[in-house]
Amino acid sequence: MTNPKFFREQPFSTDATHARESCSFIVTPQELQKWIENLGTKSTNLRVVDLRGPGEYERGHVPDALNLPITHIQDPESERGSLLPMDEVAQKLGTAGVSNEHSLVLYDDSGLVPSAKLYWVLHLLGRSDVCLLDGGFVAWKRAGLPTET
């Protein structure tokens with residue numbers, strides 16, 4: 001059973017003007033930077049989620065990004081890095097500061113494998129307001145965009 005406070009039946013809130021009426025699969029670093037500059041993330045329903053480990057996050061991340069290391073939502077008993085049961089994933093996302101109200105941009109620095117895994121799980125569960133940062137954190141830095149530590 002999924003957490004009704006996190007997973008929703010209705011795709012993309014109508015007030016999510018910062019991320020278009022329906023989130024496209026990929027957002028470029030430049031598009032995300034414009035969203036952050038124009039609206040910020042603290043006063044809107046946009047949440048940027050960094051799936052890298054805490055050490056990488058502390059050395060630099062997209063401004064206002066939340067850190068949720070992929071290892072925190074993976075089943076430690078799984079040989080393939082399967083995710084925890086969805087109720088636990090929802091709880092951990094909530095603890096990190098993400099709720100049903102938030103549109104998400106996910107990124108990592110591992111070829112987007114962790115981000116894509118979470119993207120597809122959320123998409124299959126009805127979340128259509130989830131995007132991947134094209135090229136991940138590597139592309140963000142390569143574009144010369146600001147980072148926070």
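Leaving aside neighbours within four places in sequence, Leu 118 is in contact (heavy atoms within 4.5 Å) with Leu 51, Ile 73, Leu 83, Val 89 and Leu 106. Leu 118 belongs, with Val 89 and Leu 106, to the residues that touch the most other members of the largest nonpolar core, which holds 19 residues. A nonpolar core is here a set of buried Ala, Val, Leu, Ile, Met, Phe, Trp, Tyr and Cys residues joined through side-chain atoms within 4.5 Å, and buried denotes under 20% relative accessible area, with exposed over 50% and partly exposed in between (1.4 Å probe, protein chains only). Two or more residues are given to this core by each of helix 3 (86-96), strand 4, helix 4 (113-124) and strand 5 (130-133). Apart from this core lies another, of 16 residues, among them Leu 32, Trp 35, Val 105 and Leu 145.

The structure is a predicted model, in which local features need pLDDT of at least 70 and side-chain atom pairs count only at pLDDT 80 or more, whereas totals for chains, interfaces and linings use all residues. Residues are numbered from 1 along each chain as its sequence is written, and side-chain values use heavy atoms, with hydrogens and water left out.

The protein chain has 5 helices and 5 strands, taken as DSSP runs numbered from the N terminus (helices H or I, at least four residues; strands E, at least two). From the N terminus on, these elements follow the order β-α-β-α-β-α-β-α-β-α. Of the 149 residues of the chain, 46% count as buried, and the accessible surface, computed by the Shrake-Rupley method with a 1.4 Å probe, comes to about 7,800 Å², of which 51% belongs to carbon and sulfur atoms. Among contacts with a separation of 6 or more, 67% are accounted for by residues 24 or more positions apart.

The 5 strands form an open sheet with the order 1-5-4-2-3 and parallel pairing, where two strands pair if DSSP finds at least two bridges between them. Strand 1 (26-27) and strand 3 (66-67) stand at the edges, each with a single partner strand, so one side of each is left without a neighbour in the sheet. Strand 2 (residues 46-50) pairs in the parallel sense with strand 3 over 2 bridges, and 5 bridges join strand 2 to strand 4 (residues 103-107), again in parallel. Within these pairings, Val 49 stands opposite Leu 66 of strand 3, while Asp 50 stands opposite Asn 67 in strand 3 and opposite Tyr 107 in strand 4. Strand 2 is mostly covered, with 5 of its 5 residues buried; Leu 46, Val 48 and Asp 50 lie on one side, and Arg 47 and Val 49 on the other, so that both faces of the strand are covered.

A search of the whole structure finds 2 salt bridges, defined by a side-chain nitrogen of Lys or Arg within 4 Å of a carboxyl oxygen of Asp or Glu. In one, the side chains of Asp 50 and Arg 52 meet (2.7 Å, N to O), and both Asp 50 and Arg 52 are buried. In the other, the side chain of Asp 129 meets that of Arg 127 (2.9 Å, N to O); Asp 129 and Arg 127 are likewise buried.
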